[in-house]
Amino acid sequence: MGPILIIEDDKNLLNIVDTYLKNEGFETIKASNGKDGLTYFNEGNPSMVLLDIMLPDMDGKSILKEIREGSDVPVLMMTARGEEYDRLLGFELGADDYIVKPFSPKELVARCRAILRRVYPEATDRNLTFKGIEIDEVSREAYVDGRHLDLTPKEFELLKYLTVNRGKALSREKILNAVWGYDFYGDLRTVDTHIKQLREKLGDKKSLIKTVWGIGYKLEE
């Protein structure tokens with residue numbers, strides 16, 4: 001499955017959406033204007049497009065119309081305008097979904113997953129596996145050496161995030177933002193507490209989660 005193309009002129013929002021998608025294991029391409037977006041679309045073979053409806057150089061609906069002239073790749077429209085007319089026009093031009101700003105990045109990721117699962121069922125209904133750890137993203141179940149792990153929702157997300165980014169040293173702040181979200185106001189020690197709980201539940205595999213002194217944690221490759 002190809003990358004997700006994000007076309008958004010708000011650099012801050014562009015980077016936030018990009019970070020959330022990458023944290024969930026997606027490959028991305030970023031464009032901050034319509035011209036670059038169409039170029040990347042034609043060259044990058046994306047599996048999905050997130051398209052801002054109001055761009056500085058081109059109208060998002062015009063970009064969608066041009067995309068639909070030669071492709072049925074799923075498109076999710078992002079806009080600050082929630083009027084019924086705009087939504088209906090977007091759907092009429094071929095948009096697959098529509099989200100109004102400001103939105104939760106986690107909701108956006110969930111919508112992307114739902115669309116991709118519908119359009120590419122064979123590519124998205126898969127498990128993450130690593131050294132005896134198996135994560136079923138669809139059922140949200142995890143196993144270690146065939147043994148079911150009784151994980152809380154946050155422990156599941158933490159294990160998935162570590163597995164997707166295995167081999168990478170991840171700071172506590174980065175883990176906190178990825179698993180709990182940028183709007184979480186808790187303490188960084190929340191990460192330490194959940195790492196401890198996750199290690200206990202992994203049993204013999206707990207040593208795979210390494211402490212990187214002065215930084216945070218990583219899942220050892």
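In the predicted model, an open sheet of three strands is arranged in the order β10-β12-β11 with antiparallel pairing, where two strands pair if DSSP finds at least two bridges between them, and where helices (H or I, at least four residues) and strands (E, at least two) are DSSP runs numbered from the N terminus. Strands β10 (170–171) and β11 (209–212) lie at the edges with a single partner strand each, so one side of each is left without a neighbour in the sheet. Strand β11 is joined to β12 (residues 216–219) by 4 bridges in the antiparallel sense, and Ile209 has Leu219 of β12 as its bridge partner. Helix α9 (residues 189–202) packs on this sheet and touches β11 and β12, its direction making about 150° with that of β11; contact here means heavy atoms within 4.5 Å, while axes are lines fitted to C-alpha atoms, for helices over the stretch in contact, and angles run from 0 to 180 degrees between N-to-C directions.

Residues are numbered from 1 along each chain as its sequence is written. As the model is predicted, local features need pLDDT of at least 70 and side-chain atom pairs count only at pLDDT 80 or more, whereas totals for chains, interfaces and linings use all residues, and side-chain values use heavy atoms, with hydrogens and water left out.

A second open sheet has 5 strands in the order β2-β1-β3-β4-β5, with parallel pairing. Its edge strands are β2 (28–31) and β5 (97–100), each of which pairs on one side only, and the twist from one strand to the next averages 15°. Within this sheet, β3 (residues 48–52) and β4 (residues 75–79) pair in the parallel sense over 4 bridges, with Val49 standing opposite Val75 in β4. Helix α1 (residues 11–23) lies across β1 (4–7), β2 and β3 and runs at about 175° to β2, and α2 likewise lies across β1, β2 and β3, running at about 150° to β2.

Helix α2 (residues 34–44) also packs with helix α3 (residues 60–68) at an angle of about 20°, their axes being 11 Å apart. That angle makes α2 roughly parallel to α3, given that angles under 35 degrees count as roughly parallel, over 145 as roughly antiparallel, 65 to 115 as roughly perpendicular and the rest as oblique. The crossing of α2 and α3 is right-handed, a crossing being left-handed if the near helix is turned anticlockwise from the far one by less than a right angle, and right-handed if clockwise. In this contact, Gly34, Leu38 and Phe41 of α2 meet Ile63, Glu66 and Ile67 of α3, and the residues divide into 4 nonpolar, 1 polar and 1 charged (Ala, Val, Leu, Ile, Met, Phe, Trp, Tyr, Cys and Pro count as nonpolar, Asp, Glu, Lys and Arg as charged, and the others, Gly among them, as polar).

For helix α7 (residues 153–164) and helix α8 (residues 172–180), the axes come within 10 Å and cross at roughly 125°, which makes α7 oblique to α8. The crossing in which α7 passes α8 is right-handed. Lys154, Glu157, Leu158 and Tyr161 in α7 meet Lys174, Ile175, Ala178, Val179 and Trp180 in α8, and by class this contact has 6 nonpolar, no polar and 3 charged residues.

The protein is divided into domain 1 (4–123) and domain 2 (127–219), with bounds that come from an automatic or database domain assignment. The centres of domain 1 and domain 2, taken over C-alpha atoms, are separated by 29 Å, and 8 residues of domain 1 are in contact with 14 residues of domain 2.
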